[in-house]
Amino acid sequence: MFEKPFSQACENNKRPILAVLERAFANSKVVLEIGSGTGQHATFFAQHLGHLVWHTSDQVQYHQGINAYIDELSLTNIIRPRPLKVGEDSFPDIGADAFFSANTAHIMQKQEVMLLMHSISEQLPPGGVFCQYGPFTQNGKFNAKSNEEFHHSLLERGYGGYRDIDELREWAGLLSLAEVIDMPANNHMLIWKK
Ligand SMILES: C[S@@+](CC[C@H](N)C(=O)[O-])C[C@H]1O[C@@H](n2cnc3c(N)ncnc32)[C@H](O)[C@@H]1O
């Protein structure tokens, strides 16, 4: 039997993230999530942000898990995962006026993050919002020793590692960084607006 994936981090961060999204996505209608992972975030946010249609996406090997979370609930405002690996697949044309991505920028390769920022800048309509959550460096500095250690362990394992907020700004095209919010566990929420 298929066992649903589970992330304790998602359980810990979903309520603080929701508190930000309630405000940041107050006027949004269609959200595309990049890298939905387990599906815990998507189902929780779709449940609590009923005014939104929440589109999930990720690499295909994650789809069974995301679908398992979706199957547990009878939500009408969540869309089953699309295959979307930034760098390989093009962004779907679904009329998204908002994007969300959590804990993806330090996993992706640098080129993929550049493309992520560029593509969202291109796809969002004026007034659109991108909420980007995760650990980042600021002015080239880690905000915790544990983050620095994790960054090095990611590089050793072939992942892209932490991105600096200034670096993201350079790649963000028509997006401007409206807010940098400190989040629990030494994470940040970056709110980008077009
Ligand atoms: C650490 S997990 C985070 C999952 C979830 N968003 C969360 O916060 O728990 C990293 C996610 O990034 C996705 N990912 C990595 N590279 C990607 C790429 N090039 N395009 C899209 N997603 C990617 C992985 O498939 C995975 O779901």
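The largest nonpolar core of this predicted model has 42 residues. A nonpolar core here is a set of buried Ala, Val, Leu, Ile, Met, Phe, Trp, Tyr and Cys residues joined through C-beta atoms within 7 Å. A residue is buried if 20 or more other C-beta atoms lie within 10 Å of its own, exposed if 12 or fewer, and partly exposed in between, with C-beta atoms placed from the backbone. The core residues with the most contacts inside it are Val31, Trp54, Phe99, Val129, Phe130 and Cys131. Two residues are in contact if their C-beta atoms, placed from the backbone, lie within 7 Å. For valine 129, leaving aside neighbours within four places in sequence, the contacts are Ala24, Phe25, Ser28, Ala98, Ile191, Trp192 and Lys193.

Residues are numbered from 1 along each chain as its sequence is written. Because the model is predicted, local features need pLDDT of at least 70 and side-chain atom pairs count only at pLDDT 80 or more, while totals for chains, interfaces and linings use all residues.

The protein chain has six helices and seven strands. These are DSSP runs numbered from the N terminus: helices are H or I with at least four residues, strands are E with at least two. From the N terminus on, the order is α-β-α-β-α-β-β-α-β-α-α-β-β. The radius of gyration of the protein chain is 16 Å, close to the 16 Å that the globule rule gives for 194 residues, so the chain is as compact as a globular protein of that length. The radius is taken over C-alpha atoms, and the rule is 2.2 Å times the number of residues to the power 0.38. Along its principal axes the C-alpha trace spans about 45 × 40 × 30 Å. Of the 194 residues, 37% count as buried. Among contacts in the protein chain with a separation of 6 or more, 73% come from residues 24 or more positions apart.

Strand 2 covers residues 53–58, and five of its six residues are buried, so the strand is largely enclosed by the rest of the structure. Strand 2 pairs with strand 1 (residues 30–33) in the parallel sense, over three bridges. Two strands count as paired if DSSP finds at least two bridges between them.

Helix 2 runs over residues 40–48, and Gln40, His41, Ala42, Thr43, Phe45 and Ala46 in it are buried. The buried residues of helix 2 pack against helix 1 (8–24), strand 1, strand 2, helix 3 (63–72), strand 3 (78–83) and strand 4 (98–102).

The ligand has 20 residues around it, of which Gly35, Gly37, Val86, Ala102 and Asn103 come nearest. A residue is near a molecule if its C-beta atom, placed from the backbone, lies within 6 Å of it. This shell divides into eight nonpolar, nine polar and three charged residues. Ala, Val, Leu, Ile, Met, Phe, Trp, Tyr, Cys and Pro count as nonpolar, Asp, Glu, Lys and Arg as charged, and the others, Gly among them, as polar.

The loop between strand 6 (176–183) and strand 7 (187–193) holds alanine 185, and also proline 184 and asparagine 186. Proline 184 is exposed, with 10 other C-beta atoms within 10 Å. Beyond four places in sequence, proline 184 is in contact with Asn13 and Pro16. Alanine 185 is exposed, with 12 other C-beta atoms within 10 Å. Its phi is near 60°, a positive value in a residue other than glycine. Asparagine 186 is partly exposed, with 15 other C-beta atoms within 10 Å. Leaving aside neighbours within four places in sequence, asparagine 186 is in contact with Pro135, Asn143, Ala144 and Asn147.

Isoleucine 181 lies in strand 6. With 16 C-beta neighbours inside 10 Å, isoleucine 181 counts as partly exposed. Beyond four places in sequence, isoleucine 181 is in contact with Val20, His188 and Met189.

A positive phi also occurs at asparagine 139, about 50°, although this residue is not a glycine. Asparagine 139 sits in the loop between strand 5 (129–134) and helix 5 (145–156). With 7 C-beta neighbours inside 10 Å, asparagine 139 counts as exposed.
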